[in-house]
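The following exercises are to be worked with the sequence and the structure at hand. Each task is followed by a solution in steps.

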Amino acid sequence: MEFSGRKWRKLRLAGDQRNASYPHCLQFYLQPPSENISLIEFENLAIDRVKLLKSVENLGVSYVKGTEQYQSKLESELRKLKFSYRENLEDEYEPRRRDHISHFILRLAYCQSEELRRWFIQQEMDLLRFRFSILPKDKIQDFLKDSQLQFEAISDEEKTLREQEIVASSPSLSGLKLGFESIYKIPFADALDLFRGRKVYLEDGFAYVPLKDIVAIILNEFRAKLSKALALTARSLPAVQSDERLQPLLNHLSHSYTGQDYSTQGNVGKISLDQIDLLSTKSFPPCMRQLHKALRENHHLRHGGRMQYGLFLKGIGLTLEQALQFWKQEFIKGKMDPDKFDKGYSYNIRHSFGKEGKRTDYTPFSCLKIILSNPPSQGDYHGCPFRHSDPELLKQKLQSYKISPGGISQVDDCGFSLNHPNQFFCESQRILNGGKDIKKEPIQPETPQPKPSVQKTKDASSALASLNSSLEMDMEGLEDYFSEDS
């Protein structure tokens, strides 16, 4: 793909050639585009693609993936942004061309860090899942072949011969007869996840997978290929960044996915210290509920827990004065001398609010930040329970929260994309308050408030629609935050 300032050339293809270039509304993006485009089109395509992926992300928060509402709204977004979404539509060449080129442009922007790659891959996977779900059955085999996937639908005779074994081995077909259900014969190695869960029939090194289950395998293949492609793109990135025309745009795009940073400015003073215990049982995510419980019981948290929980409380509205009072009261219950707290901990609390040191106003940790940095060791209570806890202990903990067995089994399958503890809190409060935000507590006149550095969200719904996949945090100095463990 080459770029020029003013003059540019589009590929001019006859009808059959145009259809051959993009035979389907979805693809694995195996071949990069080779035409010349203008810088203006480059920028417009990139921006539209980011808008599309943000819509995919936000709809995954507001609706259960795969439901009628989710499908219709995502289709509407694709239509509005002029990207391909359905087969058999007239003049689909241009939307598919836009889809192809814009995907590769964002590869340049989102290959720059592990965080960016994770976000990009997740949204592209959700987009592919949607497109595959509306792909006509008679087009699936052609799509698999064009995507270089060696999956073949078996004949009716083979289905009849193995019907009993396939139905008995596939939970998705429970209580059903195969009938018109397509069954795909794929190499055993490509169906390991289904095999581990004992959800597939195996014979002679091949897995016989129903159409309902094959989407997970296709998505795994897509993720693996895209992950590898992004790693290769990152290697060649220095050459692209040397182009002064592209570097500013790519840097801007790579930060466009981040939504609300859940800093204290938008929520300051919205809760009181008396509310925290009740809120912890109603609206805290499991990671923060676990930290709060440990703090109340032990009157102490190690520095990893204090960092994670302290910034979360700041994000839900605790002021600096409230934070100092909250931590001091709790630590004194643990027989800590008040003077020792003032000397050893107060500075670090003020530091996290941007009042000391480099004056950096730190934001709460996202789920990705919690998972990837500083895993908990024995005696720690921070981290992500879904990633760092034993599954059986996690199940017991969820049961203690009075979650039904059916609810527990659906936790990992709910279809929502919650990527931030503070987003969990906001979503919970919105639901509990009938779509309204929590009532703001009166702020004492003498309490100084930091000036807002970001525009306040206009309403709770738009705030919840924007996820935070972890802003880049300047960690220098923050490692000392609550560093004493006495």
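**Exercise 1.** In which helix is the place of leucine 192? Determine also whether leucine 192 is buried, partly exposed or exposed.

*Solution.* The model is a predicted one. Step 1: leucine 192 lies in helix 8, which covers residues 192-196. Step 2: the relative accessible area of leucine 192 is 32%. Step 3: buried means under 20% and exposed means over 50%, with partly exposed in between. Leucine 192 is therefore partly exposed, given its value of 32%. Step 4: together with Phe188, Phe195 and Leu202, Leu192 makes a nonpolar surface patch of about 300 Å².

**Exercise 2.** Describe the course of helix 7 (residues 156-169) and the surroundings of its buried residues.

*Solution.* Step 1: helix 7 has 14 residues, and the span from its first C-alpha to its last is 18 Å, close to the expected 20 Å. Step 2: at arginine 162, helix 7 bends by about 70°. Step 3: Arg162 is also buried, as are Lys159, Ile166 and Ser169 of this helix. Step 4: the buried residues of helix 7 pack against strand 4 (183-187), strand 5 (201-203) and strand 6 (206-210).

**Exercise 3.** How many helices and strands are in the chain, and what percentage of its residues is buried?

*Solution.* Step 1: the chain contains 22 helices and 6 strands. Step 2: of its 486 residues, 47% are buried. Step 3: the accessible surface comes to about 25,100 Å², and carbon and sulfur atoms hold 50% of that area. Step 4: among contacts with a separation of 6 or more, 76% join residues 24 or more positions apart.

Technical notes. Residues are numbered from 1 along each chain as its sequence is written. This is a predicted model: local features need pLDDT of at least 70, side-chain atom pairs count only at pLDDT 80 or more; totals for chains, interfaces and linings use all residues. Side-chain values use heavy atoms; hydrogens and water are left out. Helices (H or I, at least four residues) and strands (E, at least two) are DSSP runs, numbered from the N terminus. The expected span of a helix is 1.5 Å times one less than its number of residues. The bend at a residue is the angle between axes fitted to the seven residues ending there and the seven starting there. Buried means under 20% relative accessible area, exposed over 50%, partly exposed in between (1.4 Å probe, protein chains only). Contact means heavy atoms within 4.5 Å. Patches are made of residues with over 30% relative accessible area and no salt bridge: like charges are joined within 9 Å, nonpolar side chains (Val, Leu, Ile, Met, Phe, Trp, Tyr) within 5 Å. Accessible areas come from the Shrake-Rupley method with a 1.4 Å probe; for residues, only the protein chains shown count as cover. A salt bridge is a side-chain nitrogen of Lys or Arg within 4 Å of a carboxyl oxygen of Asp or Glu.
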